[in-house]
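Here is a friendly briefing for anyone meeting this structure for the first time. Take a look at the model below, and then let us walk through its helices, salt bridges and surface together.

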Amino acid sequence: MEYKPLIAITMGDPAGIGPEIICKAFMGDIRKTMRPTVIGDSGVMEKTIRTLQFPLKLKQINRPEESSPKKGVIEIIDLKNISRFFHGKPSAIAGKAVYEYIKRAVSLAVKGEVDAIVTAPINKETLKMAGIRYPGHTELLAKLTGTKDFGMMLIGGPLRVILVTTHVALKEVPSLIKKDKVLKTIILAHKAMLDLGIENPRIAVAGLNPHAGEGGIFGKEEKKEIIPAIEKARKKGINAIGPVPPDTLFHKAYKGEYDVVVSMYHDQGLIPLKMLSFGKAVNVTVGLPIIRTSVDHGTAYDIAGKGIADPASLIEALKLAVKLVESKKKKIKKFQELMSEYGGKLKFKTHGN
């Protein structure tokens with residue numbers, strides 16, 4: 001019997017569209033390739049099902065391995081941590097709840113009780129109101145897993161983009177573009193492509209300034225920081241190209257000349273990606289010891305509870321999580337076969353092996 005990965009889906013902000021898009025995903029055919037379990041609050045999910053008249057039922061379970069999903073049933077690990085909420089309004093209780101969902105999902109993944117986690121959207125304001133000082137999922141996941149080197153990559157249509165800097169003011173970006181940080185991001189991009197099964201990936205590194213600095217005329221960051229990082233990456237055997245002028249780079253990536261783009265700042269990379277694939281792109285945290293994917297959008301408070309939210313990005317995030325799990329298992333199997341040729345015996349504690 002073909003193994004189906006166990007996927008933990010965090011419910012996200014109860015006041016946002018997370019519960020709704022989860023329900024809509026379960027109404028599709030996601031169970032053909034995975035065994036999904038929601039980490040959240042049964043009361044919130046039940047209200048969503050009832051209010052929007054979805055043909056679904058809830059089943060509470062204690063452990064993901066108890067999952068034996070049936071059509072029309074959402075299996076949920078109920079943390080019972082939401083007493084009240086209002087659609088479209090951030091609150092401290094919601095911030096505390098979403099933190100607990102993420103923490104439980106990470107714990108399950110680290111222990112090998114699930115193969116991957118997929119996160120519904122959260123709101124930074126709710127985290128702040130609950131006293132949780134993280135700008136978002138990425139930094140929180142890194143803290144919970146003890147990860148030092150990590151990055152945010154988005155995949156949408158033909159584009160894959162990883163960011164050197166993320167949620168910072170634009171005026172602060174130039175001071176943060178340092179050769180070590182750029183090199184680390186190039187290495188993470190290389191690893192991410194290998195995880196996707198792409199051998200010898202072509203990694204295009206964007207310039208920060210117009211025309212990639214034009215030899216220093218429009219800025220010194222390329223010559224002082226970005227080029228040295230690219231050269232170090234090449235010495236490590238990484239196929240890094242650049243710096244490529246950002247005004248032409250994304251067209252070339254769209255045409256398939258590069259496998260992934262290393263972008264210097266948030267909007268440089270995400271504007272072209274979301275223009276092509278908004279609502280269907282996937283966020284991947286690279287560098288974690290666990291597999292985590294997420295949607296490319298926020299809580300959408302303005303449409304929460306109205307039944308019009310699009311689940312496409314969540315569905316794509318679930319599909320990519322399965323693909324990454326399968327790629328990981330193939331690598332482990334290949335390594336085990338290689339070791340057996342030399343008489344070695346290695347055992348790996350991964351769910352489903």
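Helix α3 (residues 92-110) packs against helix α5 (residues 137-145) at an angle of about 50°, and their axes are 10 Å apart. That angle makes α3 oblique to α5, a word used for angles that are not roughly parallel (under 35 degrees), roughly antiparallel (over 145) or roughly perpendicular (65 to 115). This is a predicted model, in which local features need pLDDT of at least 70 and side-chain atom pairs count only at pLDDT 80 or more, while totals for chains, interfaces and linings use all residues. Residues are numbered from 1 along each chain as its sequence is written, and side-chain values use heavy atoms, with hydrogens and water left out.

**Helix packing**

- Helices (H or I, at least four residues) and strands (E, at least two) are DSSP runs, numbered from the N terminus.
- Axes are lines fitted to C-alpha atoms, for helices over the stretch in contact, and the angles between N-to-C directions run from 0 to 180 degrees.
- Helix α1 (residues 18-26) and helix α2 (residues 42-51) pack at about 65°, with axes 9 Å apart.
- α1 and α2 are therefore roughly perpendicular to each other, and α1 passes α2 in a right-handed crossing.
- Helix α9 (residues 246-254) meets α10 at an angle of about 40°, with 11 Å between their axes.
- That angle makes α9 oblique to α10, and the crossing of α9 and α10 is right-handed.

**Salt bridges**

- The whole structure holds 12 salt bridges, each a side-chain nitrogen of Lys or Arg within 4 Å of a carboxyl oxygen of Asp or Glu.
- One of them joins D115 and K329, whose closest N and O atoms are 3.9 Å apart.
- D115 lies in the loop between α3 and β5 (116-119) and K329 in helix α11 (residues 312-341), so this pair ties together parts that are 214 residues apart in sequence.
- Both D115 and K329 are buried; buried means under 20% relative accessible area, exposed over 50% and partly exposed in between (1.4 Å probe, protein chains only).
- K319 and E316 form another salt bridge, 3.7 Å from N to O.
- K319 and E316 are 3 residues apart in helix α11, so about one helical turn separates them.
- K319 is partly exposed at 48% relative accessibility, and E316 is partly exposed at 31%.
- K32 and D29 also meet through their side chains, at 3.9 Å from N to O, and K32 is exposed at 62% relative accessibility.
- A network of salt bridges links R63, E65 and E113.

**Surface and loop**

- Y254, M275 and L276 make a nonpolar surface patch of about 340 Å².
- Patches take residues with over 30% relative accessible area and no salt bridge, joining like charges within 9 Å and nonpolar side chains (Val, Leu, Ile, Met, Phe, Trp, Tyr) within 5 Å.
- Accessible areas come from the Shrake-Rupley method with a 1.4 Å probe, and for residues only the protein chains shown count as cover.
- M275 sits in helix α10 (residues 266-277) and is exposed, with a relative accessible area of 68%.
- P245 is in the loop between β9 (240-244) and α9, where P245 is partly exposed at 26% relative accessible area.
- P245 and E214 are 31 residues apart in sequence, and their C-alpha atoms are 8.9 Å apart in space.

Conventions: A crossing is left-handed if the near helix is turned anticlockwise from the far one by less than a right angle, and right-handed if clockwise.
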